[in-house]
Amino acid sequence: MRYGISIPQHFADGTFQPKALREYLDRAEELGFESAWMTEQVIGSAPSMSPLELLAFAAASNERLRLGCSVFVTPLHNPVHLAKRISTLDQLSRGRLEVGVGIGGRGRMLSAFDVAPDDNLVRRFNEGLDLMQALWTKPTIDFDGEFWQLAAATMEPKPFQKPYPPLWFGGSKPAALRRAVRRGDGFFGAGSSSTAQFAEQVPIVRAALAETGREPATFRIAKRVYIAVDDDAERARTRMAEALVAQYGDFGKSLLPVVVCGAPETCIEELRAVANIGPEMILINPLFDSAPQMERLAADVLPHVA
């Protein structure tokens, strides 16, 4: 089992400490984590740092961890700008970038991103991904899409990884899972989904792999797990509930049943249940006290899961 760790990205105005994050990333590497990940939240009450910029900082601060965002809500981006930024970041990290992509849920403020309410987000997602892949792989791009058009365009440099960084797909419905198999390099189960829901999603992914004749070894499966280890289980749940609301607003209250929190024995048991479903990687995501939580998990929980 491989483990990723979340990168702390919520900092109130003026509280970010560059030295602390460099030390956190170096310690994550020392503890054996394979990768470090962020999420994307452009608009919201949580003081969330932008993933592209913070990943660039992480790339300059650490030379071995793979670095990812799960996920970029790509229909809200201009794909030309996003392709350029991802290509640049992959060059800066010398090919350590992992890219999660997703359509996003309902209720987003589309007007803030110059996206019309009647735009079909699935079509916009697919076309944007087509365009980014063309920009990453073709010397000259002629593109006549519904949303974007380019004529004899070029973009250099291409990503360091060829043909481009691994693409992880989010999503939960069967159509989204099958789309992940058709178009992506991996499926990332959301932190907001329960272990039981993940157990229902993975067989759909594996069936789609079989139906398309794709080798399972070419497609990775991962799960984000919000987690808090504390010998005082009630304190863990209270702090986790507060952290969920701080990050997601009222929606965070609904996520408490899916998180893992409590004594090491409880966390081991629940992570084993995730591991038994068969993901290649579990992303460990504390929502508070990131550095102490990482130490406790690495010492008392993760060595006993698999």
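Guide: Start with a word you will need throughout. A residue is buried if its relative accessible area is under 20%, exposed if over 50%, and partly exposed in between (1.4 Å probe, protein chains only). By that rule, buried residues make up 52% of the 306 residues in the protein chain.

Some ground rules. The model is predicted, so local features need pLDDT of at least 70 and side-chain atom pairs count only at pLDDT 80 or more, while totals for chains, interfaces and linings use all residues. Residues are numbered from 1 along each chain as its sequence is written, and side-chain values use heavy atoms, with hydrogens and water left out.

Now the part itself: helix 2, residues 51-61. Helices (H or I, at least four residues) and strands (E, at least two) are DSSP runs, numbered from the N terminus. The chain has nine helices and 11 strands. In helix 2, the buried residues are Pro 51, Leu 52, Leu 54, Leu 55, Ala 58, Ala 59 and Ser 61.

Look at Ser 61, in helix 2. Ser 61 counts as buried because its relative accessibility is 15%. Its side chain reaches the backbone oxygen of Phe 57 at 2.8 Å. That is a polar contact: a pair of N or O atoms within 3.5 Å; within protein, one must be able to donate a hydrogen and the other to accept it, and residues adjacent in sequence count only if both atoms are side-chain atoms. A plain contact means heavy atoms within 4.5 Å. Leaving aside neighbours within four places in sequence, Ser 61 is in contact with Arg 22, Leu 25 and Asp 26.

Next, two strands from the cover. In strand 3, eight of its eight residues are buried. Strand 2 and strand 3 pair in the parallel sense over four bridges; two strands pair if DSSP finds at least two bridges between them. Trp 37 stands opposite Gly 68 in strand 3.

Arg 94 has a phi near 60°, a positive value in a residue other than glycine. Most residues other than glycine have a negative phi, and most peptide bonds are trans. Arg 94 counts as exposed because its relative accessibility is 56%. Asp 114, in the loop between strand 4 and helix 4, also has a positive phi, about 60°. At 70% relative accessibility, Asp 114 counts as exposed.

Lys 158 is in the loop between strand 6 (149-153) and strand 7 (167-169). Lys 158 is buried because its relative accessible area is 12%. Its side chain reaches the backbone oxygen of Lys 138 at 2.7 Å. Not counting residues up to four places away in sequence, Lys 158 touches residues including Ser 87, Gln 91 and Trp 136. Pro 157 is in this loop too, and the peptide bond from Glu 156 to Pro 157 is cis, with omega near -5°. A cis bond also joins Lys 162 and Pro 163, with omega about 0°.

Now step back to the cores. A nonpolar core is a set of buried Ala, Val, Leu, Ile, Met, Phe, Trp, Tyr and Cys residues joined through side-chain atoms within 4.5 Å. The largest has 72 residues, and Ile 7, Leu 271, Ile 284 and Val 301 touch the most other members. Helix 4 (residues 121-137) gives the most to this core, with seven residues. A second, separate core of 12 residues includes Tyr 226, Ala 228, Val 259 and Phe 288. In soluble globular proteins, nonpolar side chains tend to be buried together.

Last, the whole chain. Residues 24 or more positions apart account for 73% of the contacts with a separation of 6 or more. The C-alpha atoms fill a box of roughly 60 × 45 × 35 Å, taken along the principal axes.
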